[in-house]
Amino acid sequence: NIGPNKDTQNKIEDFEKCLSQAHVFANYITVNISSPNTSGLRDFEEKDSMNKLLESINKLRKNKNIKKPILIKLSPDINEKDVSDIMEIITRYEIDGIIISNTTNANREKLLDIKKNEEGGLSGKPLKSISTEMIKKFYKESNKKISIIGVGGVDSGQSAFEKIVSGASVVQLYTGMVYKGPSIVKEIKKELISILNREGIKNIKEAVGIKA
């Protein structure tokens, strides 16, 4: 997962440095342009800025013969009208996949705790439905031509299944593991098998995007 330092003078240069040094150690590289905790980072989701960044990334991939898959990690707070432009740019630069999504700055009005207005992105349950809806939008826009990793509120087989049927071919989790520990993976797999049997689906691949 690569991104710029908070106090950097040139964010694209930071991305380039990270990719140059990290790719030899990674199975894939995530270009993170969506953390709400780095000022100005989400500006890269704007059309011109994304073009400049991905052009630079692709030039570096070619010059250094980097073969590792490159994925873009997006915000769940993207305007619906921008989905088409973002998908067009990602396709043009032959990005291998997208991760939906990072944490959200929205959905605070539904929270009950007095700390709900603290700065920083929300993960876990407050993010769950927002990220799932964004997965559906990108899955439809991509015409099934790009892999989507679904993230946000995955803490059970059911929540993983919801991401998959919305268009994710892979899921990631973090907050769920914080609350339930590493054994959550075994629980998710067990519940997923039960869900697939109940729905009459032979394997996970058949479930991808069936409710997008």
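Residue T30 is placed in strand β1, strands (E, at least two residues) and helices (H or I, at least four) being DSSP runs numbered from the N terminus. The structure is a predicted model, in which local features need pLDDT of at least 70, side-chain atom pairs count only at pLDDT 80 or more, and totals for chains, interfaces and linings use all residues. Residues are numbered from 1 along each chain as its sequence is written, and side-chain values use heavy atoms, with hydrogens and water left out.

T30 has a relative accessibility of 6% and therefore counts as buried; buried denotes under 20% relative accessible area, exposed over 50%, and partly exposed the range in between (1.4 Å probe, protein chains only). Apart from neighbours within four places in sequence, T30 is in contact with N1, I2, L71, K73 and I99, contact being defined as heavy atoms within 4.5 Å.

Strand β1 (29-32) is also among the elements against which the buried residues of helix α2 pack, together with α1, β2 (70-74) and α3 (83-92). In α2, these buried residues are M50, N51, L53, L54, S56, I57, L60 and R61. The 17 residues of α2 should span 24 Å at 1.5 Å a residue, and the 24 Å between its end C-alpha atoms agrees with this; the expected span is 1.5 Å times one less than the number of residues.

Helix α1 (residues 11-22) packs with helix α2 (residues 47-63) at an angle of about 30°, the axes lying 10 Å apart. Axes are lines fitted to C-alpha atoms, for helices over the stretch in contact, and angles run from 0 to 180 degrees between N-to-C directions. The two helices α1 and α2 are therefore roughly parallel, given that angles under 35 degrees count as roughly parallel, over 145 as roughly antiparallel, 65 to 115 as roughly perpendicular and the rest as oblique. From α1, the residues I12, F15, E16, L19 and S20 meet K52, L53, S56, I57, L60 and R61 of α2. This contact comprises 6 nonpolar, 2 polar and 3 charged residues, where Ala, Val, Leu, Ile, Met, Phe, Trp, Tyr, Cys and Pro count as nonpolar, Asp, Glu, Lys and Arg as charged, and the others, Gly among them, as polar.

G157, Q158, A160, F161 and I164 of α5 meet I188, E191, L192, I195, L196, R198 and E199 of α7. By class, 7 residues of this contact are nonpolar, 2 polar and 3 charged.

Helix α5 also contributes to the cover of the buried residues of α4, as do β2, α3, β3 and β4. The buried residues in α4 are P126, L127, I130, S131, T132, M134, I135, F138, Y139 and S142. Helix α4 has 18 residues and reaches 26 Å from its first C-alpha to its last, close to the expected 26 Å.

Several backbone features were also identified. Just after α4, N143 takes a positive phi of about 55°. K144, in the loop between α4 and β4 (147-151), has a positive phi near 65°; at 63% relative accessibility, K144 counts as exposed. In the loop between α2 and β2, N65 has a positive phi near 55°. A cis peptide bond, with omega about 15°, joins I100 and S101, and S101 is placed in the loop between β3 (97-100) and α4 (125-142).
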